[in-house]
Structures are given as structure tokens and as C-alpha cells.
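Colleague: Could you take me through this one, and tell me what stands behind each label as we go?
Modeller: Gladly; here it is.

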Amino acid sequence: LADAMINYLSLLGWNDGTDNEIFTRDELIESFDVNRVVKSPSVFDMSKLRWVNAQHMKMMTVEELAPLVEEQFGFLEMLEEGADKSKVDDFVFAATSLAKQMMETTQDAALNAKAVLGYGLPASFDDLPDGEAKEMIKQGNFYPIAKTIISDTEANNFPMPDPSNPMDVFLDESKKIVVADEKSGGSAYSYSAAYKARMKELSKDMNVKGKNLFHPIRLALTGEMSGQDVTKQLSLLELACAENNPVNAKAAGVVTFAERLDLLSKFIETIPDEFRAPKVKEAGKGKKDEKSAQTSKEAAGSSAVEAAPADPLDTYDGPPVTALDIRVGRITKVWEHPEADKLYCEEIDVGEDEPRQIASGLRPYMNAEDMEGRLVLVLCNLKARKMLGFPSHGMVLCASNEDHTDVKFVNPPVDAKVGERVTIPGFNFEGEEGQPFAENKIGKKKVFEKLAPFLVTSEYGVPEFLGRPFLTSAGVCTSAITKGTVS
């Protein structure tokens with residue numbers, strides 16, 4: 001984007017004296033002061049430019065981005081010449097909505113659509129590279145779940161997008177585009193609702209839940225272990241396979257749903273018998289045995305060539321991040337705690353009937369006048385407690401450097417909605433599984449203390465959990481602290 005490039009170039013040797021790195025052209029004109037130009041040489045960092053570009057795209061609507069994304073589809077020859085304009089618009093809008101939160105360039109939406117329309121499952125189990133997918137299949141849940149999906153589809157019992165309304169999951173009840181990956185549109189009787197109901201039935205019937213259910217389903221339906229909402233992916237596939245669709249199937253690499261099931265059916269027949277049912281743990285085998293086995297495994301592999309870095313989620317065994325109820329809030333009032341030198345008292349609007357009262361140890365790091373009116377992230381499901389007589393109910397999330405000498409707010413996007421719950425890509429924040437823990441459970445089980453070591457900021461100041469960013473419907477959260485901790 002032109003505005004992103006101007007924004008980035010302006011920061012090569014200049015800043016406005018604040019932590020802000022994202023400016024519109026008008027804001028740059030208003031903020032620029034030649035006295036803040038520095039003499040030290042600048043480095044052109046393409047990764048940082050892409051990040052700045054991503055922030056500008058997050059400030060744009062899907063409607064504003066769609067024409068730019070359509071150009072990228074044209075460059076990749078993924079759209080048929082002379083295709084019906086309304087069908088092109090629907091497909092481009094859906095593809096843009098699907099990719100909006102992860103886009104760094106407009107081309108990312110087109111490349112993401114191409115990946116979604118393809119199917120990465122190989123011909124056989126032996127052809128599957130060693131890694132997360134193969135290890136998941138070895139756990140034994142994939143085979144029975146894949147068989148169930150195939151039999152459900154053959155019996156017309158597996159929920160599928162409505163051919164007469166494939167845009168359903170991309171539109172909310174007011175027909176506005178849904179961009180948050182963890183949210184999908186439609187009514188209580190829509191495809192999305194039917195899909196979730198069937199997943200709940202599968203979980204109950206097969207006595208499997210969480211990632212042991214959703215990872216096998218995702219791999220079976222999409223050929224990938226991670227990605228955007230499955231119902232949105234299959235709806236985009238429906239748009240690309242419908243009669244008179246606008247997609248150049250060959251250039252886009254489209255694999256239809258029927259073709260996927262055929263490939264899946266052939267693939268599961270190559271899975272070795274010992275991986276066709278969940279393994280049952282032997283009685284008497286506990287954590288001590290598991291630790292011993294892990295030690296032996298590490299010793300055996302110590303002389304081997306170092307493997308590529310694994311997804312940290314693979315080895316994470318702590319509480320779910322969905323246990324935390326982190327919401328966007330706005331500080332409406334700040335004053336100094338009369339009995340504590342380090343505490344501010346704040347009133348923060350988090351979308352409830354009354355503002356929350358929260359005490360924060362930020363006086364050594366911030367001025368009260370700079371805090372009032374700020375958007376912040378608030379951990380809301382902490383039990384209320386008295387802090388030197390002040391009833392504090394919640395915690396404002398901040399990032400800090402290693403020695404805790406620099407502390408800054410974790411910032412939601414400027415157009416984030418007050419009261420909105422923050423989500424993490426790859427985790428289901430909807431339904432019973434995604435509900436935050438009760439306040440007493442958070443404290444009693446020390447849930448936040450167990451999650452805290454994994455809450456960090458990236459080299460670009462993006463707050464993350466296991467390498468996955470904090471998200472709102474308006475985009476990614478940020479911080480001025482890089483490679484720090486979040487608490």
C-alpha cells in the first residue's frame with residue numbers, strides 16, 4: 001500500500017517522540033518536526049515494512065481491500081475471463097475476509113485462497129513427511145474420525161455449505177462481512193451451526209475432544225494441520241466449484257470435496273493397523289514412566305542431526321489459553337493510590353454495565369495523563385481483591401523488558417471494540433470448550449501463573465502465545481516492547 005510505504009520511509013531516521021509507529025498521511029504531516037530527525041544511518045528492513053503494511057491493511061475494510069485482492073487473483077490467472085461479476089465479487093470478498101487477519105500484502109489473500117482450494121494430503125501414510133501430522137495420526141484418532149466423515153458424507157449426514165447461499169458463513173446477521181477467524185456468520189439454522197452441532201455429536205459419540213478431535217477433522221477435510229475456520233474454507237471451496245463459478249480451476253489447483261474424500265479414503269487404507277485406534281494407556285504407567293521414556297528418547301537422539309524447530313504447541317501441556325478472559329478496555333479515569341507509591345487506581349470500561357475498578361503498579365513507568373482515554377487489554381476473570389483498601393477487579397496487561405525497567409501497555413488496534421474478547425489463532429474460543437474459566441478456578445489452579453511464561457512479545461512487539469498473536473476483530477495487538485514478557 002502507498003500509505004504503508006510512506007509511513008515506513010518516514011520512520012527511517014525520524015520518530016514523533018512516542019511509541020507510535022503507524023501513521024496516516026495526515027497524521028505524519030501534523031506530527032512531523034525536522035528537529036526529531038536523527039543523524040544515525042537507517043536500515044531498510046523488508047520484514048518491518050511488511051509488518052507496517054499489515055497494520056495499514058487491518059485499518060481497511062474488506063470492501064476497500066477486495067479490489068486490490070482481485071488484482072492479485074488476476075496476476076495469478078486464478079479467475080476466468082468474462083466471469084459473472086457478482087460471482088467474482090462474492091469469491092473475492094470471501095477470500096479477502098478469510099485472509100484479512102493474516103495478510104501482510106494483498107497477494108497473501110490470493111495465495112491463501114489457492115492453498116485453501118488445494119488439498120495437501122499425500123497418497124499414502126508412508127509418503128507423509130515426519131512431523132506433526134504423522135505423529136497425530138499415530139495417536140489413533142485420525143483413522144476412525146476420517147472413516148466417520150466418509151460414511152457421514154455417503155449417507156448425506158455430514159453438514160455441507162448451502163449451494164444456494166455459500167456466503168452465509170462470511171456474513172453476520174446484518175449481512176456485514178465477518179473477518180475474525182474464530183467467528184463465523186449465519187443464523188442458528190445455518191451451515192456453520194449445523195457443522196458445530198455435528199462436531200459436538202462426534203465428540204460425544206467417539207469420546208474425544210479438543211485437539212484430538214479438531215486436528216484429525218481439519219487434516220481430513222483440508223489436508224492441513226492448521227489454517228482458518230474449516231467452515232469458511234469449505235464455503236470458499238463451494239464458491240470455486242459451483243456451477244458457472246468464476247475460478248480457473250487448473251490455475252487455482254482446485255480439489256473438489258468429492259475428490260478430497262476419494263483421496264482420503266485411499267489414504268486411510270495405507271495407515272498401519274497399530275495406528276487405527278486410540279492407544280490405551282497401561283495401568284500403573286504414570287508420569288514417572290513418561291519422564292523416563294522422554295529422557296531415553298532425548299539420549300538416543302543426542303547424536304542425531306538436529307531436527308527443524310517444532311511447533312511449541314506440540315510440547316505444551318499447560319492449561320488452555322482460552323481459560324483467560326482478556327478483553328479490550330478503555331481507561332476512563334486514573335488517580336494515584338493514596339496509600340501506595342507505585343499504584344494507580346483506574347476505572348476501565350470493558351463493555352459491562354459499570355466500569356471496572358483496577359489497581360496497577362504503573363506509577364514508576366507512566367504518567368496518569370498519558371493513560372486516561374487509552375485502549376488497553378484487561379484480564380477480566382480474576383477475583384476481586386483489596387489492594388491497600390482499594391477493591392481491584394482485573395489486571396491491565398503490559399509488556400516489559402527482561403530487567404523490568406521498561407513497561408508499556410499491550411495495545412489493541414485503534415478501532416478495536418470495547419468489551420471484545422481477545423482471541424488466539426488456532427484455538428477455539430467458541431462453544432463450551434472455549435469459555436473462560438471461572439474466577440475462583442483461575443486463582444485456585446494458578447492458571448495465569450502457568451500460562452504467563454508463554455505470554456511474550458515478538459521481535460516486532462506483537463504479543464503472542466506459543467508464537468500465535470493476540471487478535472481482535474480489528475486486527476493484531478501490539479506493544480512497544482520487543483522480545484519481552486506479557487503480564
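Colleague: What share of the contacts in the protein with a separation of 6 or more comes from residues 24 or more positions apart?
Modeller: The share is 68%, where a contact means heavy atoms within 4.5 Å. Do keep in mind that this is a predicted model, in which local features need pLDDT of at least 70 and side-chain atom pairs count only at pLDDT 80 or more, while totals for chains, interfaces and linings use all residues. Residues are numbered from 1 along each chain as its sequence is written, and side-chain values use heavy atoms, with hydrogens and water left out.

Colleague: How many helices and strands does the protein have, and what makes a run count as one?
Modeller: There are 17 helices and 15 strands. Both are DSSP runs numbered from the N terminus: a helix is H or I over at least four residues, and a strand is E over at least two.

Colleague: Why is Thr 322 called buried?
Modeller: Buried means under 20% relative accessible area, exposed means over 50%, and partly exposed is in between, with a 1.4 Å probe and protein chains only. Thr 322 has 5% relative accessibility, so it counts as buried. By that rule, 45% of the 487 residues of the protein are buried.

Colleague: Where does Thr 322 lie, and which residues is it in contact with?
Modeller: Thr 322 belongs to the loop between helix H14 (287-300) and S1. Setting aside neighbours within four places in sequence, its contacts include Arg 421, Phe 427, Phe 429 and Pro 436. The C-alpha atoms of Thr 322 and Ile 424 are separated by 8.3 Å, although these residues are 102 apart along the chain.

Colleague: What makes a space in this model a cavity, and how many are there?
Modeller: On a 1 Å grid over the protein atoms alone, a cavity is a set of points where a 1.4 Å probe fits but cannot get out; lining residues have an atom within 4 Å of a point. Grid points are joined across faces, edges and corners, and a volume is the space filled by probe spheres set on the points. The count comes to three cavities of 30 Å³ or more. The largest cavity has a volume of about 50 Å³, and among the residues lining it are Val 321, Ile 326, Ile 424 and Phe 429.

Colleague: How do you know that the length of helix H5 agrees with what a helix should span?
Modeller: The expected span is 1.5 Å times one less than the number of residues. Helix H5 (residues 85-99) has 15 residues and should therefore span 21 Å; its end C-alpha atoms are 21 Å apart, which agrees. The buried residues of H5 include Val 88, Phe 91 and Leu 98. Its buried residues pack against helix H4 (62-75), helix H6 (107-117) and helix H11 (230-241).

Colleague: Why is Glu 77 called exposed?
Modeller: Glu 77 has a relative accessible area of 56%, so it falls in the exposed class. This residue sits in the loop between H4 and H5, and its phi is near 55 degrees, a positive value in a residue other than glycine. Most residues other than glycine have a negative phi.

Colleague: And what makes Asn 244 exposed or buried?
Modeller: Asn 244 counts as exposed because its relative accessibility is 59%. Asn 244 lies in the loop between H11 and helix H12 (249-252), and it too is not a glycine, yet has a positive phi of about 60 degrees.

Colleague: How do you know that S1 pairs with strand S2?
Modeller: Two strands pair if DSSP finds at least two bridges between them. S1 and strand S2 (residues 344-349) have six bridges, in the antiparallel sense. Glu 336 stands opposite Tyr 344 in S2, and Trp 335 stands opposite Cys 345. Strand S1 (residues 326-336) is also joined to strand S4 (residues 375-379) by five antiparallel bridges, with Val 376 in S4 as the bridge partner of Gly 329.

Colleague: Which strands form the open sheet, and what makes a strand an edge strand there?
Modeller: Five strands form it in the order S3-S2-S1-S4-S7, with antiparallel pairing. Strand S3 (356-360) and strand S7 (395-396) are the edge strands, as each pairs on one side only. S3 is joined to S2 by five bridges, while S7 pairs with S4 over two bridges.

How values were computed: On a 1 Å grid over the protein atoms alone, a cavity is a set of points where a 1.4 Å probe fits but cannot get out, and a pocket is an open set with protein on both sides within 12 Å along at least five of seven lines; lining residues have an atom within 4 Å of a point.
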